[in-house]
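Thanks for coming, everyone. I'll walk you through one structure today, piece by piece. Please have a look at it first.

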Amino acid sequence: MYTLDLSGKKAVVFGIANQRSIAWSISKRLNEAGATIISAYQNERVKDSVTKLTSELSDVTLIECDVSKEENVEKCFNEIQKIHGNIDILVHSIAFAQKEDLGGRFVDTDREGFQIALDISAYSLISITRNAAKMMNEKGTIITMSFMAAEKVFPGYNVMSTAKAALENEVRQIANDLGPDNIRINAISAGPLDTLSSRVISGYRDMKSAHSERAPLRRNITHDEVATTALYLCSDMSSGVTGEVIHVDTGYHVMGI
Ligand code: NAD
């Protein structure tokens, strides 16, 4: 019997900062479906907002984890294991690049900016997946968040496009590594949504209006459309799907103009 019921499942979610965070929309949907949420938030700066928001959930544990340091990630998963034992779901909804690297010419990206963006936005998936997989039950699922700039040029998205291309490649390689353990991993390539992260991208407004004017559905996506796709990917309903990048972008990616 295939079902969207996640009762008894434990989901570790990275990436809630405020009420607009995609990770928050996903957490609400997973929790409604019965999953316990373990929210790994970045630092003190977002702690109050994450604490307030997640108090709405029926069952939640908060753990601080800045993914830029390996020891933080290891400590975070050790704590989770102590409190919850094994887990079932991992959500990676993290990205960061310096503001100056999200505008102007891509070719002007310097070494440090490249390393920061790729480290936080792409390497972090490898690091948290390695730690999570050790304590994942069979039929575990992992999801991460991408954008179509991994495939085509979106001026202004710059080094983050490179990070998303790396991320999508990681999804395929991790799918092959963890498939024999019956653990699946997929990415959602979402259309533009107003969040803390998207608003600093120069050219974001143009990306949003291009989607609403030219996508087959002639509108922008909603946070909830991403969250319900995440719910499908975290449930048995998608048991045959791994290594995939699912576009939730009102169809924009199929257009040639
Ligand atoms: P957001 O700003 O709400 O989320 C980004 C999260 O990354 C924040 O919670 C932040 O605390 C976390 N983060 C950054 N550096 C970190 C670090 N060192 N350690 C731990 N956490 C760290 O914005 P969002 O739009 O919800 O972004 C979530 C994901 O969705 C990102 O991967 C983003 O690229 C992707 N995405 C967003 C859009 C969009 O238009 N908003 C579209 C496609 C994909």
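**A salt bridge to begin with**

Arg29 and Asp224 form a salt bridge, and their closest N and O atoms are 2.5 Å apart. By salt bridge I mean a side-chain nitrogen of Lys or Arg within 4 Å of a carboxyl oxygen of Asp or Glu. This pair links distant parts of the chain: Arg29 sits in helix 1, Asp224 sits in helix 7 (residues 223–234), and 195 residues separate them. Helices (H or I, at least four residues) and strands (E, at least two) are DSSP runs, numbered from the N terminus.

Before I go on, two words on the source. This is a predicted model, where local features need pLDDT of at least 70, side-chain atom pairs count only at pLDDT 80 or more, and totals for chains, interfaces and linings use all residues. Residues are numbered from 1 along each chain as its sequence is written, and side-chain values use heavy atoms, with hydrogens and water left out.

Are the two partners buried or exposed? Arg29 is partly exposed, at 24% relative accessible area. Asp224 is partly exposed too, at 34% relative accessibility. The cut-offs are these: buried is under 20% relative accessible area, exposed is over 50%, and partly exposed lies in between (1.4 Å probe, protein chains only).

How many salt bridges does the whole structure have? The search finds 10. One of them joins Asp108 and Arg105, with the closest N and O atoms 3.3 Å apart. Arg105 is exposed, because its relative accessibility is 57%. Another salt bridge joins Glu225 and Arg219, with 2.7 Å between the closest N and O atoms. Glu225 counts as partly exposed, at 26%. Arg219 counts as partly exposed as well, at 33%. There is also a network: Asp194, Arg199, Arg205 and Lys208 are joined by salt bridges that share partners.

**The strands**

Now to the strands. Two strands pair if DSSP finds at least two bridges between them. Start with strand 2, residues 36–41. How many of its residues are buried? 6 of 6, so strand 2 is mostly covered. Both faces are covered: Thr36, Ile38 and Ala40 are buried on one side, and Ile37, Ser39 and Tyr41 on the other. In general, side chains in a regular strand alternate between the two faces of the sheet.

What are the neighbours of strand 2? Right-handed has a viewing rule: with the strands pointing away from the viewer, the path from the first strand over the helix to the second runs clockwise.

Strand 3 (residues 60–64) also pairs with strand 2, in the parallel sense, over 5 bridges. Here Ile38 has Thr61 as its bridge partner. Helix 2 (residues 44–54) carries the chain from strand 2 to strand 3, again in a right-handed β-α-β crossover.

Strand 4, residues 87–92, is largely enclosed by the rest of the structure, because 6 of its 6 residues are buried. Strand 1 and strand 4 run parallel and are joined by 4 bridges. Ala11 has Ile89 as its bridge partner in strand 4. Strand 4 pairs with strand 5 (residues 136–146) in the parallel sense, over 5 bridges. In strand 5, Thr141 stands opposite Ile89. The crossover from strand 4 to strand 5 passes through helix 4 (residues 111–133), and this β-α-β crossover is right-handed.

**Two backbone angles**

Most residues other than glycine have a negative phi. Arg218 has a positive phi, near 55°. Arg218 is in the loop between helix 6 (204–214) and helix 7. Arg218 is exposed, at 55% relative accessibility. Thr250 has a positive phi as well, of about 50°. Thr250 lies in the segment after strand 7 (245–248). Is Thr250 buried or exposed? Thr250 is buried, with a relative accessible area of 7%.

**Rings**

Last topic. Which residues form the aromatic cluster? Phe147, Phe154, Tyr157 and Tyr252. The structure holds 4 aromatic pairs. Rings of Phe, Tyr and Trp (its six-membered ring) pair if their centres lie within 6.5 Å; planes under 30 degrees apart count as stacked, over 60 as edge-to-face and the rest as tilted.
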